[in-house]
Amino acid sequence: MTRVLRTTALLVRSGFRQQTTYRLALLAGISTNSVFGIIRAAIALATVASAGAAVGGYDARTAAAFVWWGQALLGTINLWGFSLVADRVRSGDIAVDFLRPVNPMLVYLAGDVGRAGVGLVARAIPTLAIGALLFDLAWPPGMPSAALGLLSILLAVVVAFLGAFSLNLSALWFTEIRGLRLAWMVVGGVLCGLYLPLPWFPGWVQSVASCTPFPSMLQHPLDILSGRIAGADAVSAVVSQLFWVLVLTVVGQWVLARGRRRVEVQGG
Amino acid sequence: MAEPAGRPTLSVGERLRPYRVILGARMRAQRQYRASFVTDIVGTLLVGVTEFAEVWGVFHNVPVFGGLTYGQAIVVFALSNLCFSLADMLVGHLDTLPQVIRAGQVDAYYVRPLPVLAQFMTSDISLRRIGRLAVALVLLVVGLAMAQVAWSPAKGALLVLSTVSGTVIFSALFTVAGGAQFFLINGPEFTNGFTYGGSYSAQQPQPIFPDPVRIFWTFVIPTAFVAYLPTIVLLDLPGDGFVPRWLAWASPAAALASCALAGLVWRFGTRHYQGGGG
């Protein structure tokens with residue numbers, strides 16, 4: 001057990017180090033997230049102003065905080081997924097992952113958590129600072145909310161990773177998953193609350209969203225951090241994230257076990 | 001006029017022949033894998049639809065946004081998306097320049113007897129963007145019908161003029177971003193804020209922006225000319241007086257200025273390049 005923990009810690013650190021190597025890319029990410037933050041915040045504020053009252057529970061300050069936390073966390077939570085594992089399936093390198101004494105899911109998750117750590121320190125905080133300078137943002141109403149918000153960010157990182165991981169493993173059956181990835185990004189972008197807060201969409205969209213892991217990937221942490229929900233509501237949001245971590249872990253392990261028998265390495 | 005001996009004079013058609021051949025080959029290549037091509041088109045179609053989900057979501061909550069009604073806002077969204085998907089189809093592949101530079105493949109473009117930019121522009125044409133283009137066109141028709149535009153020859157001309165200028169403006173932005181890659185090497189995201197961010201800002205009714213932001217998107221990066229300014233004139237709206245209404249007719253000037261800047265940045269970039277090392 002300690003060995004697994006130590007291995008995981010090492011993998012988290014290497015994921016962290018890999019990202020800090022590209023400093024210019026971090027700066028570039030901040031600048032793009034900020035440009036989009038300014039536009040998105042203008043849209044959200046104009047909507048609230050036009051309604052003349054809070055829209056779906058967001059007043060001007062919570063709406064602005066929702067937008068800027070969302071932009072800030074884009075470099076932390078991997079909403080768009082990745083193709084690393086699918087590429088390894090295609091090249092046959094995945095066989096090497098299967099030979100290692102650590103569960104492949106844990107290996108990649110550790111790397112991703114390390115990457116997310118860099119994103120939080122080097123991208124989220126500066127982006128949020130820019131947002132706070134330019135706009136009047138709401139903050140979590142108290143320490144419990146702030147702590148719950150941080151936990152919610154971590155869970156969002158894990159949910160986003162686990163979803164993308166299973167999707168990547170589907171390459172064991174489909175080989176090319178570009179179409180699936182695109183569908184994941186397109187549907188996820190709307191249902192995770194990146195474009196607009198979910199409560200701004202009609203009820204049926206929200207019902208569909210609540211049957212998917214997408215709100216757990218962004219909407220929940222943003223709601224807690226912008227202070228739109230607190231107390232029991234915030235706890236229940238975190239519980240639903242935990243639920244999705246559990247579901248996606250089971251799905252991922254199942255796919256991994258089934259896929260292991262399908263690995264086909266050409267040549268060699 | 002005396003031509004130097006031994007050097008054949010080429011007509012325009014003959015000069016353009018290499019580009020025509022390359023483009024023709026690229027288009028045929030994309031249609032070879034039919035299933036993949038269809039999936040790609042469906043993909044870009046979905047992207048267009050989800051982008052629109054944002055406008056739809058806003059108007060689910062409010063009847064007026066940035067001084068525009070639903071139909072009017074759809075015209076702004078569609079016109080901007082139409083221009084962007086055209087530009088994306090024509091020169092969007094300049095986006096891949098960072099990888100080309102890092103892989104050292106850019107050297108090959110320098111040694112061929114054609115201008116580097118012209119080669120890049122004609123090196124690909126992304127037919128799959130037709131999906132997004134289709135969404136934009138349908139929405140434009142729907143929006144214009146909803147907004148009940150009173151057509152006149154001048155308005156028809158303005159619509160065509162704006163579409164052409166808007167496409168040129170976005171293409172110029174892609175070219176500026178491309179030229180900057182020679183300096184940035186590994187920072188493509190720096191320019192994404194201005195290409196994709198520019199497209200995003202162009203879809204919005206401009207009065208939602210604070211004044212400094214509005215000045216930026218009108219006079220520094222002129223994306224307000226793409227859709228909002230022409231829509232105000234097309235639909236006979238009063239506008240909010242931030243800029244005079246006749247400015248809608250100045251979109252070719254904005255397009256020209258963008259091109260001049262793009263030319264400069266591209267020139268600086270390609271001259272700055274010293275080789276992939278190796």
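The model described here is predicted. By that cut-off B:Asp236 is exposed, because 12 other C-beta atoms lie within 10 Å. B:Asp236 sits in the loop between α11 (228-234) and α12 (251-272) of chain B. Its phi is positive, about 55°, although B:Asp236 is not a glycine. Most residues other than glycine have a negative phi.

A second residue of chain B shows this feature. B:Gln148 is not a glycine either, and its phi is near 50°, a positive value. B:Gln148 lies in the loop between α7 (130-146) and α8 of chain B. With 9 other C-beta atoms within 10 Å, B:Gln148 is exposed.

Two helix pairs of chain B were examined. Packed helices are described by the angle between their axes and the distance between the axes. Helix α2 (residues 34-61) and helix α3 (residues 70-91) of chain B pack at about 155°. Their axes are 11 Å apart. That angle makes α2(B) roughly antiparallel to α3(B), since angles over 145 degrees are counted in that way. The crossing of α2(B) and α3(B) is right-handed. On the α2(B) side, the contact is formed by B:Gly48, B:Glu51, B:Phe52, B:Val55 and B:Phe59. On the α3(B) side, they meet B:Tyr70, B:Ala73, B:Ile74, B:Phe77 and B:Asn81. By class, the residues of this contact between α2(B) and α3(B) are seven nonpolar, two polar and one charged.

The second pair joins helix α8 (residues 153-184) and helix α9 (residues 188-202) of chain B. Here the packing angle is about 175°, and the axes lie 9 Å apart. α8(B) and α9(B) are therefore roughly antiparallel to each other. From α8(B), the contact takes B:Phe170, B:Leu173, B:Phe174, B:Ala177, B:Ala180, B:Gln181 and B:Leu184. From α9(B) come B:Pro188, B:Phe190, B:Thr191, B:Phe194, B:Thr195, B:Gly198 and B:Ser199. The contact of α8(B) with α9(B) holds nine nonpolar and five polar residues, but no charged ones.

One residue of this contact, B:Phe190, also reaches chain A. B:Phe190 belongs to helix α9 of chain B. B:Phe190 counts as buried, because it has 21 C-beta neighbours inside 10 Å. Leaving aside residues up to four places away in sequence, B:Phe190 touches A:Ala28, A:Ser31 and B:Leu184. From B:Phe190 to B:Ala180 the C-alpha distance is 9.3 Å, with a separation of 10 residues in sequence.

In total, 28 residues of chain A are in contact with 28 residues of chain B. On the side of chain A that touches chain B, α2 (23-51) and α9 (178-191) each supply at least two residues. The largest share of that side comes from α2(A), with 16 residues. By class, the side of chain A that touches chain B has 21 nonpolar residues, seven polar and no charged.

Within chain A, α2(A) also packs against helix α3 (residues 60-73). The angle between α2(A) and α3(A) is about 155°, and their axes are 9 Å apart. α2(A) and α3(A) are therefore roughly antiparallel to each other. Their crossing is right-handed. α2(A) brings A:Asn33, A:Phe36, A:Gly37, A:Arg40, A:Ala41, A:Ala44, A:Leu45 and A:Val48 to the contact. α3(A) brings A:Ala60, A:Ala63, A:Ala64, A:Val67, A:Trp68, A:Gln71 and A:Ala72. The residues of the contact between α2(A) and α3(A) are 11 nonpolar, three polar and one charged.

Helix α4 of chain A spans residues 84-91. Its buried residues are A:Val85, A:Ala86 and A:Val89. Viewed down the axis of α4(A), these buried residues fall within an arc of 100°, so they line one face of the helix. An α-helix has 3.6 residues a turn, so residues three or four places apart point the same way. The buried residues of α4(A) pack against α5 (94-99), α6 (104-134), α7 (143-169) and α8 (171-174) of chain A. Just after α4(A), A:Gly92 adopts a positive phi of about 95°.

Key: Residues are numbered from 1 along each chain as its sequence is written. Chains are lettered from A and ligands numbered from 1 in the order in which they are written. This is a predicted model: local features need pLDDT of at least 70, side-chain atom pairs count only at pLDDT 80 or more; totals for chains, interfaces and linings use all residues. A residue is buried if 20 or more other C-beta atoms lie within 10 Å of its own, exposed if 12 or fewer, and partly exposed in between; C-beta atoms are placed from the backbone. Helices (H or I, at least four residues) and strands (E, at least two) are DSSP runs, numbered from the N terminus. The arc is that of the directions from the helix axis to the C-beta atoms. Two residues are in contact if their C-beta atoms, placed from the backbone, lie within 7 Å. Axes are lines fitted to C-alpha atoms, for helices over the stretch in contact, and angles run from 0 to 180 degrees between N-to-C directions. Angles under 35 degrees count as roughly parallel, over 145 as roughly antiparallel, 65 to 115 as roughly perpendicular and the rest as oblique. A crossing is left-handed if the near helix is turned anticlockwise from the far one by less than a right angle, and right-handed if clockwise. Ala, Val, Leu, Ile, Met, Phe, Trp, Tyr, Cys and Pro count as nonpolar, Asp, Glu, Lys and Arg as charged, and the others, Gly among them, as polar.
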